[in-house]
Amino acid sequence: MMMREEGIRKEEGAVRFSGSGGGGGGGVNLWNEELTNDVRKKIEKHWSCKTLDFSRIDENNDKEKFYVLSMFPYPSGSLHMGHVRVYSISDVLARFFRMRGKNVIHPMGWDAFGLPAENAAFEKGINPDEWTQQNIANMKSVMEKLCFSFDWSREFATCDSDYYKWTQFLFLKLYERGLVYRKEAVVNWDPVDLTVLADEQVDANGRSWRSGAIVEKKLLKQWFVKTTSFSQLLYDGLEDPILEDWKEIKPIQRNWIGKLDGTFINFEIVGHVENCREKEISIWLKRPEYIDRGKFVAVQPGSVWTFGVKQEGLLPYRLKNPFTNESLPVYMTSEVKYLKNNDVYLGIPDLSETDKNFATSVGIKCCPGLQESASEEELLDLREKICSEARERGIGGHPASFKLRDWLISRQRFWGTPIPIIYCERCGEQPVPETDLPVKLPKVKYLKLGTNPLKEDKSWLNVKCPKCGSEGATRETDTMDTFVDSSWYFLRFLDPDNAQAGFNVEKIKKMMPVDIYIGGIEHATLHLYFARFMNHFLYSVDLVPHPEPFKRLLCQGLVKGKTFRCEKTGKYVRSDSVELKNKEYVDKKTGNPVVMNWEKMSKSKYNGVEPSEMIENYGVDALRTVILAEAAPRSSLNWDEKSFRNILMWQSKLWDAVKKFNDVRSKSATNPSKDERSEEFKKLDLYLYDSRNFYVKKITSLLEKTFSVSVAIAKMQGLTNSLRKADEETMALSENYEKALATQIIMLAPIAPSFASELWSGFLKAPNRLSKEEGIEWWDKPLMEQKWPKVDEDYVEKSDGIVVDMLKLSNKTIAAAKEKKNETKKSSKKKLKVSGSTRND
């Protein structure tokens with residue numbers, strides 16, 4: 001179990017500070033030195049904890065809530081660059097919206113159940129919980145180094161019994177409402193990992209995604225969640241106006257759900273079938289209004305519903321039509337057209353020439369043809385009547401596509417949430433009473449390959465029946481699919497310490513839905529579908545305020561590294577065994593051609609990069625900035641270590657700017673009157689006023705509306721270039737320079753919090769301050785408490801980049817501005833290129 005309380009005490013002991021901390025002063029004070037890697041490390045060591053002091057939400061204030069959620073990771077052992085990217089994005093947005101005055105919640109936890117931990121436990125001969133907790137500790141330590149401002153007081157892992165107790169509770173609520181059932185089903189069986197696989201876990205060659213074994217088909221008793229009963233709601237919900245930034249996700253969800261142009265109806269098996277424990281077979285019908293005209297059922301060769309029969313022909317059982325009670329013959333045949341993922345078909349000769357031909361070939365009498373006298377409206381009414389009766393009888397009838405199936409959640413493994421069901425010979429299956437939750441996993445020292453402690457630990461397996469009290473009952477030994485654990489975790493984050501319920505409904509209604517959900521596009525199908533289903537279900541029982549759980553989605557692109565693959569053998573080789581000759585890559589030893597490509601980082605492809613190595617070589621803030629700056633969040637990022645050069649140069653420019661500002665202000669004891677200032681000063685002063693407002697407006701829009709962090713960083717570099725145009729007179733006497741430099745540092749804080757905090761402490765040391773407006777917060781607030789800069793009320797952006805407030809500026813200044821405008825039109829040489837954008841001189 002996660003020891004959150006201990007984590008809180010440790011955090012408070014490390015994080016809390018007094019006085020002018022968090023960027024308000026008291027930095028490392030190495031301003032006489034160049035910004036070397038050693039200096040960066042000292043800065044980050046000093047500031048890292050202090051930048052996290054404001055990460056907790058105040059649930060009692062009246063600020064507008066803003067829920068920033070990044071998909072929690074599987075604790076696989078180490079943080080990879082994909083993690084660094086997604087959590088850097090979420091951290092920037094959390095810090096930004098906090099500075100914008102929102103009451104931000106930014107939690108983190110661990111999606112901790114699953115096969116990797118169980119397999120590692122087999123290999124190492126340890127308890128999977130021990131392996132999991134070690135990995136959590138390792139990954140959390142790197143997250144803390146990276147200054148991610150997660151609210152660790154809300155931390156949990158899905159393998160904590162305090163969490164999965166409520167996963168089991170939700171299972172029982174679904175069970176009570178007939179939305180969970182157990183039936184025999186055809187499953188993908190991995191003979192190596194000895195577990196069921198989802199269709200998505202089987203590759204195009206029919207092999208397991210993990211073990212690589214050829215997947216087998218088996219007929220097993222499995223638990224299902226009736227997600228198809230919510231298909232229409234989930235499909236229609238994609239048009240909910242609350243959903244923003246779902247453009248690339250909606251087609252994925254629609255494609256998964258499919259066109260809801262039919263329904264499934266259950267047909268009862270008639271007759272004895274050896275080795276068959278199932279009582280019915282579900283058949284998809286596109287035209288359920290014609291179900292009474294069905295004459296036969298066809299089964300695809302190789303289907304489990306052939307029960308081992310090899311030769312095509314009549315099978316030794318029949319299916320009863322639930323609306324006519326007619327016993328229909330069942331044939332194994334390849335002469336009818338089966339839809340994808342459907343190996344059973346209801347033959348209706350009146351509707352299909354193919355069906356009619358087959359029926360005739362096997363001696364089934366058919367009508368001359370369909371003589372339809374009913375109107376289209378009457379047929380629709382009949383369709384709805386059939387489906388409505390099927391729903392009432394619990395035999396189907398929900399709108400469904402031919403490819404969508406109910407959610408199979410049974411997994412034949414130890415390391416998962418136990419399914420809270422007990423089997424009694426007298427009473428049948430019985431739900432575990434809620435008062436007996438959680439059903440905890442038994443304590444084990446280690447796992448042995450080919451064994452399952454849930455079946456072998458008799459003290460755990462054998463229990464009393466909760467209904468009749470008999471001693472001969474046994475527990476369910478399957479555990480739940482890990483997608484069940486992650487289908488509601490975003491709700492638990494809002495009330496993680498609640499021992500009486502999974503969450504407090506009033507808290508949920510105040511804080512949901514999630515405002516921005518960040519994660520990989522690979523989770524836009526299954527995880528998102530199951531999370532949406534669970535939230536729709538909870539909405540149907542009035543436990544959440546809105547059916548859709550996530551307002552906005554940001555699916556970040558992959559982090560890719562260079563791979564080198566031998567053209568002849570197809571094997572991946574290490575980069576240090578390759579050289580470039582005549583503009584082509586070859587193997588150093590053999591001289592054979594090598595193909596270079598950009599692919600998702602992977603140890604097996606030798607193109608992974610260790611975040612800890614990058615932190616050691618360049619620093620935390622440089623790593624954060626590079627991974628944010630090099631590509632738009634939704635685009636793939638081709639990792640190139642050379643990118644650090646530009647970011648380190650930018651840091652040096654900012655470092656030098658603060659040093660120079662202090663030096664100049666220390667010398668400027670006198671303050672000449674405005675009339676005595678040079679014309680060049682007035683031009684630069686106006687230019688800095690324009691630049692500050694221009695970039696604040698652009699950067700704010702980029703972060704708030706489109707989450708374009710990479711472009712926002714480019715704009716920040718543009719403001720840096722504007723500041724570098726100032727001469728010493730401007731640095732000494734310009735209030736607009738002072739404001740622009742302060743604005744630059746404040747806007748940098750979400751990107752590089754430690755480095756920005758040191759810049760802020762240096763900025764505050766400068767004497768002879770000029771900004772003294774009433775209410776200004778710069779001088780008495782630490783950096784992490786600064787509000788996000790605003791555009792001045794009198795600022796008006798003009799298309800030529802020259803800004804003039806006619807009411808406030810003198811005629812002489814206006815004339816200078818007009819002169820400047822004319823100069824910019826005459827010469828293109830006075831254009832300043834700024835990271836892809838241009839600001840006029």
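The following questions and answers concern the predicted model shown above.

Residues are numbered from 1 along each chain as its sequence is written. In this predicted model, local features need pLDDT of at least 70 and side-chain atom pairs count only at pLDDT 80 or more, while totals for chains, interfaces and linings use all residues, and side-chain values use heavy atoms, with hydrogens and water left out.

Reader: How many helices and strands does the secondary structure of the protein comprise?
Author: Helices (H or I, at least four residues) and strands (E, at least two) are taken as DSSP runs and numbered from the N terminus. On that basis, the count for the protein is 25 helices and 29 strands.

Reader: What percentage of the 841 residues counts as buried?
Author: Buried means under 20% relative accessible area, exposed over 50%, and partly exposed in between, with a 1.4 Å probe and protein chains only. Accessible areas come from the Shrake-Rupley method with a 1.4 Å probe, and for residues only the protein chains shown count as cover. The accessible surface of the protein comes to about 38400 Å², with 48% of it belonging to carbon and sulfur atoms. Of the 841 residues, the buried share is 54%.

Reader: Among contacts between residues at least 6 apart in sequence, what percentage joins residues at least 24 apart?
Author: A contact means heavy atoms within 4.5 Å. Among contacts between residues at least 6 apart in sequence, the share joining residues at least 24 apart is 76%.

Reader: Why is helix H18 described as largely enclosed, and which of its residues are buried?
Author: Helix H18 covers residues 620-629, and nine of its 10 residues are buried, so the rest of the structure largely encloses it. The buried residues are Val-620, Asp-621, Ala-622, Leu-623, Arg-624, Thr-625, Val-626, Ile-627 and Leu-628.

Reader: Are the salt-bridge partners Arg-532 and Glu-548 buried or exposed?
Author: The closest N and O atoms of Arg-532 and Glu-548 are 2.8 Å apart in their salt bridge. Arg-532 lies in helix H16 (residues 526-540) and Glu-548 in the loop between H16 and strand E21 (550-556), so the pair ties together parts 16 residues apart in sequence. Arg-532 and Glu-548 are both buried.

Reader: What is the relative accessible area of Arg-154, the salt-bridge partner of Asp-151?
Author: The side chains of Asp-151 and Arg-154 meet in a salt bridge at 3.1 Å, N to O. Asp-151 counts as buried at 2% relative accessibility. Arg-154 is buried as well, with a relative accessible area of 6%.

Reader: Which residues gather in a patch of negative charge on the surface?
Author: Patches are made of residues with over 30% relative accessible area and no salt bridge, like charges being joined within 9 Å and nonpolar side chains (Val, Leu, Ile, Met, Phe, Trp, Tyr) within 5 Å. Lys and Arg count as positive and Asp and Glu as negative, while His and the chain ends are not counted; the place of a charge is NZ of Lys, CZ of Arg, CG of Asp or CD of Glu. One of the members, Asp-640, lies in the loop between strand E27 (637-638) and helix H19 (644-667). The patch consists of Glu-610, Glu-613, Glu-630, Asp-640 and Glu-641.

Reader: What is the phi of Cys-147?
Author: Cys-147 is found in the loop between helix H5 (128-145) and helix H6 (161-176). Cys-147 counts as buried at 1% relative accessibility. Its phi is positive, in a residue other than glycine, with a value near 60°.

Note on methods: A salt bridge is a side-chain nitrogen of Lys or Arg within 4 Å of a carboxyl oxygen of Asp or Glu.
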